[in-house]
Amino acid sequence: MTNLLPTGQERIEHLEMVNIVKRFPGVLANDHVNFDVRAGEIHTLLGENGAGKSTLMKQLYGLYRPDEGQIIINGVEHQFRSPQDAINAGIGMIHQHFMLVPELTVLENVALGLKSSRGFMLDLDVVEKRLMQLEEQYGLHVDPQAYVWQLAVGEQQRVEILKALYRGAALLILDEPTAVLTPQEVDEFFVTLRQMAKDGHALIFISHKLHEVLAISHRITVLRDGKVVNQCCPDGVSKTDLAEMMVGRPVILQYDRAPIQRGQTALQIKDLVVGGDRGTDALKGVSLEVHAGEIVGLAGVSGNGQRELAEALAGLRPVKSGQILIDGKELTHASPAQRILAGQSYIPEERMREGAIKDFSVADNYILEDHGKQPFSRGIFLDFNAIERETRTKVEEYNVKTPTIQTPLKSLSGGNIQKLILARELSRSPKVLIASQPTRGVDIGATEYIHHRLLDQREGTVNQENKRVLSDREFIQQEILDQRHSGTATLLISEDLDEIRALSDRIAVIFAGEIVGIVDGPTSTPEQLGLMMAGVRPDQD
Amino acid sequence: APTPEVIEKEVTRVVEGEKVVEEVVVTATPAPEVKETFRVAVVMPSSITDMAFSQSFYEGLLKVQEEMGGPQAMEIAYSEGMFNVPDAAAALRDYASEGYDLVVAHGSQYGTSLSQVAPDFPDTSFAWGTSIDTFQAQGIENVFAYQAEAQEGGYVLGTIAALMSESGVLGVSGPVEAGDAKLYVDGFAAGAKSANPNVNVQISYTGSFSDVSLMATAAETHMSAGADMLTGSSQSVVGAIGIAKDNGGKWFGTQWDQTALAPDTVVASQVYDWTGIIKDMIESHNAGVMGGKAYTLTFKNGGLVIAYNPAIEVPAEIKAAADAAIQGIMDGTIDPLAVAE
Amino acid sequence: MPEKPDLKRILNRTIEALLPLVGLLLALLIGAGMLLALEVNPLVAYSALIDGAVGGTSSITQTLVKATPLLLVGLGVVISYRGGVINIGGEGQLIVGALAATALAIGFNHLPRIILLPSCLIVGAAAGALWGGIPGLLKSRMEVNEILSTVMMNAIALQFSNFLLRGPMIDPAEIEAGTRIAQSALLPEAAWLTRLVPKTLLHSGAILAVILAVAVYVFLWRTTIGYRIRAVGLNPHASRYAGINVPFYQAISLTLGGLFAGLAGAVEVMGVQHRMLEGLSGGYGFSGIVAALFGQLHPLGTIPASVLFGGLIVGGNKMQRAVQVPSSLITAMLGLMVLFVVSANIWARVRARRREMHE
Amino acid sequence: MSNLFTLPVLLGILYSGIRLATPYLYAAIGETFAQRSGVLNLGVEGIMLMGAYTGFLVAQKSGNLWLGLLAAAATGLLMGLMMAVVSVTLQAEQGISGIGLQLFGLGLSTLLYKKTLGGVESITGFQPIKIPLLGDLPYVGDVLFRHNLLVYGAFLLVPVAAFILNKTTFGLKVRAVGQNPQAADTLGVNVTRIRYTTVMIGGTLAGIAGASLSIALINLFQENMTNGMGFIAVALVYFGSWRPLGVLGGALLFSFVNALQLWVQVLGIPLPSDIAVMMPYLLTIFALAVSVNRTSKPAALTKPFQRGES
Ligand SMILES: Nc1ncnc2c1ncn2[C@@H]1O[C@H](COP(=O)(O)OP(=O)(O)OP(=O)(O)O)[C@@H](O)[C@H]1O
Ligand SMILES: Nc1ncnc2c1ncn2[C@@H]1O[C@H](COP(=O)(O)OP(=O)(O)OP(=O)(O)O)[C@@H](O)[C@H]1O
Ligand SMILES: [Mg+2]
Ligand SMILES: [Mg+2]
């Protein structure tokens, strides 16, 4: 048995993290965590949002230093002061939040930090050759000369993976690498991971998608509130079991949706043509209607024009031709403010960058759009009493976990930030809601409660008790469903097929800037949608 | 501007004043320090090494101090870099309240402050340069005023430059088109045109008192445009002098003898000699005249001097023309701001 | 919105706010070394500094006179900064503000005080706002970076002032006397700000500045426009999504920055100099930035910060006179103080972080 | 009054413009490195003054111009180090620490000048060197190819800087650190070290910029002789969109217009002198307003780096 990987690197036979403790202001992120991984193994780390997964991995990668505990590699204790130390020890990491430089090309991002074969001079041509090989080998295709800012998120994710593969780490940490990949891409990617494991790499995998976890893992460790609560092998474990381990209570992963009453056309998109960042048209004549009380899901592989459509609807991307109407009112070239005034709400894809101001307090974030209106202001003066009252009510109603409403938003967890944004957008009783990837990265938990919530809403009662035990993800999906019954027309843009299918009354599939087809939500099948996402029109088969 | 007669009277008073000082000193000898050290303070906008306005005054003070017998006889305090008026006002008040005998506000911008400080210290003499207003109209009696007639030397240097020039092109560069610099430049142009109506006087301003680099480029431009005789005003001309030196041009200085900077280049400088005025103010003060006199530096009262660089030979007939110009200015037949027929 | 008062929290915050003073002391220590090198007793020098800053009515009023333009410029810097733009154009804005106030006062010298005085202040502020608004417009309309445009606008204002003061606006007495110094005529007394303490330069502009500091606080934290400015400054992307016109509010921030610098110019002319002249800005456009940052970019914090910084300048001048060191020593020491004080902020931050960890 | 558009005048503008641009080029290219890595050094002015002073002093006392240049570079390096400590390690607000450094440099250079030199003295600086063949070209030979070494150096610096930034591993790290230091950090790039290096390169070049005035172009030292050039240099980096070639364009535009306005005055074209002096500033703003090519600024500019924050 050889000690070397095919790349010539030394293997990490056994890595142990022993009794790791990591504190943040107000949070015990890791509470005496024991974790280990062996060469040839894919070990999954599972847990709700904020359970401490990323924190644990960042310590392994030298980004944070543990307050207590040891990291032992092949029996030798290591101290990582910086990522460089971890890299030197053979550790690589694919980060949950992209660690890419948007203004550099794919090639430059890959070459960054590598030793050049020409000393001081860059050897991008050498890197490119090797990169092309990797792209072929693993089926991860990206244009090496493209600037990262031009890439769709899915492509960016591929770059992240390629970066890690290029460096050929003996131990690879994958923190939610599949969050933005399509099912097909995930399958291809898993082939790669299995091959790597077979070659003797050690792999740590993090994902909120339980079927992925079951498909890929050799071993699963579940974290809850910073502590290891369970460790198991995937054999004989179901998604429901995993969800229960994570959340700490039984979870039912089933939907039960009654048909709804469709109202007037609220949002009308006619022959929309919108330019993309790469000079070509990202939307080539998209037409779509969303009725009051209806959820239309927009499914598609990332990078097919979803972002551009969302931005055009938000008024942040100029429309070349075509029309956008809300309640029959032309808003094609309206400013974001005019659209908000016309009753449009928007849940942006990148919540920290686009949806919230992290240095503002919870309350200040809550009034971001309507601060100039009653009851938040009188004349030009803000009305603090009203702001406080309203925010407090909504924070409670939406179960946003925050010490006070004056707490800066940045010290909330991502899920709670998303709930606050949801509270803000839905409290406006919008006519039209554009929800872009509303649950991306928010923990899965169960979707059962969303369903209950939906039924409650139909009957006009809200079961507040049930609401409290919802996971963030369940809760957000539930709220979107509820919104229909207030007559809101919702356009749900998501790359998560499960989510789309669970929530949508109708599903439109976008491919290469065009709507391939529109199908009924409840009766759609993943296979049918998958074909459409690949550009196959439904009438063609 | 004051008439020559006024100045003459002042000059005589200087002589009388010296006697007064002697008397005071004599009577004071047995008594324990009644008034043995004359204390002068000066507040200046630029620095004492500006090679121009402030330095010439400060050096004048040093010269008088030496003449009077060193620091025991005369104490000098200064505040430089006081381009900010409230700072200067504070300094003026401070010096006065510390009992300085003569407090000099060496900047025209200090006038308003001075008019507010002076009345509170009737036993202190103040001086304001450059101005001709002693605030007597406002009933203030303890302020002297002084200024330099920069155009006089400008006229003479212009005459010399025009006559020495082979190309017939003269280059003049100033900082901002105002005040002392403008008077000098205009005088220079008038003198040059009077000496040779065909001479081409090119004038440029850099818009700054301290932009050495742009001033050098201005000189460079003048020389490219054919100038062989150059002059300029403000502390930033040091850059221009270097350009003249490197390119075989000749330079005429003002406010300060700039010969040392480029011994083969500087032909002559108009030098401000403040010692006469300083001495007269001291003596007036000691004689009980606290202010009210307006001085001007002129050729006539010896406050302006043309200092030739001995290393550069100026033809005798040109020197003679210069002397004639000085004489004409002194006896009033030449207006240094007007082109003579 | 105020948080619940908590004594320990307030105490901790106070300590953190005072930590930068350690930086100040460190700078004074190095300054002492420099003084020793110049063969000056640092104790004598520093007692003169303190005496010059706060030793008696005259010193204190001088400090306050100095603090007034620093505070006004600083308030503008605070607004700009909160709006996410860097305004280094204070010098130019101050100059045009002073020019405008002077022109109005001299041109309409017959107007009664009750009309003339406020008009001059308003016109000065408006001129400053215009001068700040141009970079604002350039940024919002043509994406011209404000650092570049404000630096250039400073130079343009200076030349513009030279042009006016030696030509159209020159004091007729200067022409008559033949001295031709580039300064305006004296303002009519109706346009002079009231002296607060006789025989000092302290004028009512100081009170105005403090009132405005409170007004700016209210504006930034209690009004919808202030809210938008802060939102744009903290996260322009999210603000855009939320329907806030980001370029517009950036332009507004620069304009308001200019407004306060312009007002500082008007106040300086009307309260201190009583005429417009070269060098009036006195570097306040830059030192106002320092004052604002000493004040943690908070309008109320800028009040004590301006007084502190003003006192250092005034005391430094006194020290120059007392021990006869070159003024450049004071400049160098001020530079060191700025460097050390901003560096000291990191201790306050680390402390605050540690505190949060235990809370 | 003569015509502005004659060959001698145009050649004159070319010649003077090239000389005027020299200090701006050194300072602004240096600043480009610092800003490309995310550090705004507003203290260039102070460093230039210190460089001008030490360069002159050492050249004068030793009689060796190269020693003077070395001293200026070393002084700049030290002041760059100071800026780096304050703004990279101590994470001070960069705008303000730059102003602090500027005040410090202004004060210290003047103080030392007064104590060691006492007054303006001049030296013989770097002499023009004619480039063989090229220097003999008609018209442009004199204008373009008879300059002193530091002038050639400044223009040579532009392609060198562009090469370093775009074609070397160091340059790639600099660009990455200025855009996304977190990402660079996760790839093992030492963000702090890169920023120290660039700020010190910037300081060194600012020191040389000062020396180019005091021992090559004007050949003397006077207090505050840079007169705001450092701030213009910082502005030129913005003008040049953080690219050496853009900076060159900005520096040349500014300098040529400055040379032009002097010619306007010298030729007696009736334009008030103050208005003429405004021209380079006005045109620089104007040029930036109408130009279309706008690279976005380094995303992390002025933002201190802290590991683990995203
Ligand atoms: N830099 C930080 N400063 C303060 N608190 C932090 C920091 N990073 C993480 N935390 C906190 O530590 C806890 C664990 O966060 P972590 O990112 O490890 O969660 P996670 O398990 O990766 O969640 P997710 O599934 O959402 O990625 C959370 O409560 C979070 O708020
Ligand atoms: N500097 C910080 N100070 C306080 N809290 C922080 C800080 N950095 C991160 N956090 C918290 O740590 C949480 C976990 O970090 P992380 O970046 O993984 O976000 P998240 O909530 O898990 O969202 P996502 O799943 O989309 O990544 C964040 O949500 C945030 O609340
Ligand atoms: Mg997360
Ligand atoms: Mg995570």
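Select chains A and B first. No contact joins them (contact means heavy atoms within 4.5 Å). The closest C-alpha atoms of chain A and chain B lie 38 Å apart. This is a predicted model, where local features need pLDDT of at least 70, side-chain atom pairs count only at pLDDT 80 or more, and totals for chains, interfaces and linings use all residues. Residues are numbered from 1 along each chain as its sequence is written, chains are lettered from A and ligands numbered from 1 in the order in which they are written, and side-chain values use heavy atoms, with hydrogens and water left out.

**Chains C and D**

Now select chains C and D. Five pairs of chains touch, and this pair has the most contacts. How many residues of chain D are in contact with chain C? There are 45, and they meet 41 residues of chain C. The two chains bury about 3,800 Å² between them, 81% of it on carbon and sulfur atoms. Buried area is the accessible area (1.4 Å probe) that two parts lose on being put together, summed over both. Highlight Ile96(D), Asp274(D) and Ile285(D). In chain D, these three lose the most area to chain C, together 17% of what that side buries.

**Chains D and A**

About 2,100 Å² is buried between them, 66% of it on carbon and sulfur atoms. Pick out Leu172(D), Thr186(D) and Leu187(D). They supply 31% of the area that chain D buries against chain A, more than any other three residues.

**Along chain D**

An unreviewed UniProt entry lists several stretches as "transmembrane region", among them residues 196-218 and 230-255. UniProt positions are given in the numbering used here, feature names are shortened, and annotations may be inferred rather than shown by experiment. Select residues 196-218 of chain D. The chain there is 96% helix and 0% strand, and the end C-alpha atoms are 31 Å apart. Next, take residues 230-255 of chain D. Here the chain is 85% helix and 0% strand, with the end C-alpha atoms 14 Å apart. Helices (H or I, at least four residues) and strands (E, at least two) are DSSP runs, numbered from the N terminus.

**Ligand 1**

Go to ligand 1 and show the 15 residues around it (a heavy atom within 4 Å). Which residues come nearest? They are Asn49(A), Gly50(A), Lys53(A), Ser54(A) and Thr55(A). By class, the shell has five nonpolar, seven polar and three charged residues. α1(A) gives the most to this shell, with three residues.

Look for polar contacts, pairs of N or O atoms within 3.5 Å. A polar side-chain atom of Thr55(A) lies 2.5 Å from a ligand oxygen. For Ala51(A), a polar backbone atom is 3.2 Å from an oxygen atom of ligand 1. For Glu176(A), a side-chain N or O atom is 3.5 Å from an oxygen atom of the ligand. The protein covers 76% of the 630 Å² of accessible area that ligand 1 has on its own.

**Backbone stops**

Most residues other than glycine have a negative phi, and most peptide bonds are trans. Select Gln374(A) and Pro375(A). A cis peptide bond joins them, with omega about -5°. Pro375(A) sits in the loop between α12 (362-366) and β17 (377-378) of chain A.

Move to chain B. Gly129(B) and Thr130(B) are also joined by a cis peptide bond, with omega about 0°. Thr130(B) lies in the loop between β4 (125-129) and β5 (143-148) of chain B. End at Phe135(B), found in the loop between β4 and β5 of chain B. Phi of Phe135(B) is near 65°, a positive value in a residue other than glycine.

Terms used
Polar contact = N/O pair within 3.5 Å; in protein donor to acceptor, adjacent residues only side chain to side chain. Areas by Shrake-Rupley, 256 points an atom, 1.4 Å probe, with all protein chains shown as cover. Nonpolar A, V, L, I, M, F, W, Y, C, P; charged D, E, K, R; others polar.
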